[in-house]
Amino acid sequence: MLGAMQDFDLRVTHIIDHAAREHGGREIVTRWADGSETRTNWAGIRHDALRMTQALRKLGVQPGDRIATLAMNHSRHLVSWYGAVGVGGVLHTVNPRLFDDQLEYIANHAEDQVLLYDKAFQPIIDRMKPRWTTIRHYICYDDGQFEDWIGAEDGQTTWATGDERDPCMLCYTSGTTGNPKGVLYEHRSTFLHAITGLQPSIFDFDARSVMLPVVPMFHAASWGLPWGGAAAGIKFVFSAVNDPVVLTELMNREKVTHSAGVPTVWLSMFQHMDATGATLPTLRQAIIGGSAAPRFM
């Protein structure tokens, strides 16, 4: 799988190349906040990530620069994970639930250059812009802005090259004393984590898996799911809202086999199912993190 690993540096762009080559037609479904839905596939994600790589280069982004996102779970956010590292940059997923002082600190401390964001977080952007001193470019995922931005490119480019121990992702802690602490992930560790996550005792992914991740893409690298999902060529079903009614309908319609979220997510799902009689007949694995699940769960 993924070729003979000893023959090349373990950079995460190899993962999306593999997904597009071996599982290019596997669907990526997004249910947006306004109720609309879009469908793409791994070949489309790779093509859009290459177009984003070109667009970032035109903005003057250099290897090692930080590219931030302030967004929920959807296919355009997934594109950004690979487009940011594709230009040699470091993806910085920003948690919109942090306090303003923390948002100010982490963006300035990371020296973010570009910020891509959901329209739902426009009030945060408007409030924080004067306090973010390093961000030069703001791009909204909605209202056609992101699509127009990458739409000017043709995708005929190559990924940035470098050492497998180069940084590729940055996350900041929350709930700690003092200022949030930055955690820098390298290509090698991220690649190995993705492969490890496929094991039966962890995510138990194969190409038949259908995953609806409730854990946000801004939280702890979404537990590595966007990388591991590409490595296995799974079908992703994303929802930009975490309403139990929406999640249950999506899980049943798209025949979701895997999901992931913190215990409170499953508590709300159980409450909804108890109240309505809904079931999840295709779900076979639910990954729980953040805190220990209650015994009854």
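Thr196 is located in helix α7 (residues 187-196), where helices (H or I, at least four residues) and strands (E, at least two) are DSSP runs numbered from the N terminus. The model is predicted: local features need pLDDT of at least 70 and side-chain atom pairs count only at pLDDT 80 or more, whereas totals for chains, interfaces and linings use all residues. Residues are numbered from 1 along each chain as its sequence is written, and side-chain values use heavy atoms, with hydrogens and water left out.

Thr196 counts as partly exposed because its relative accessibility is 42% (buried, under 20% relative accessible area; exposed, over 50%; partly exposed, in between; 1.4 Å probe, protein chains only). A distance of 36 Å separates the C-alpha atoms of Thr196 and Gly277, which are 81 residues apart along the chain.

Thr93 is part of strand β4 (residues 90-93). With a relative accessibility of 3%, Thr93 counts as buried. Leaving out residues up to four places away in sequence, Thr93 touches Thr69, His77, Trp81, Met169, Leu170, Cys171, Met217 and Phe218 (contact, heavy atoms within 4.5 Å).

Most residues other than glycine have a negative phi. Glu111, not a glycine, has a positive phi of about 60 degrees and is found in the loop between α4 (100-110) and β5 (112-117). Ser222 likewise has a positive phi, near 50 degrees; Ser222 lies in the loop between β9 (210-213) and α8 (225-232) and, at 1% relative accessibility, counts as buried.
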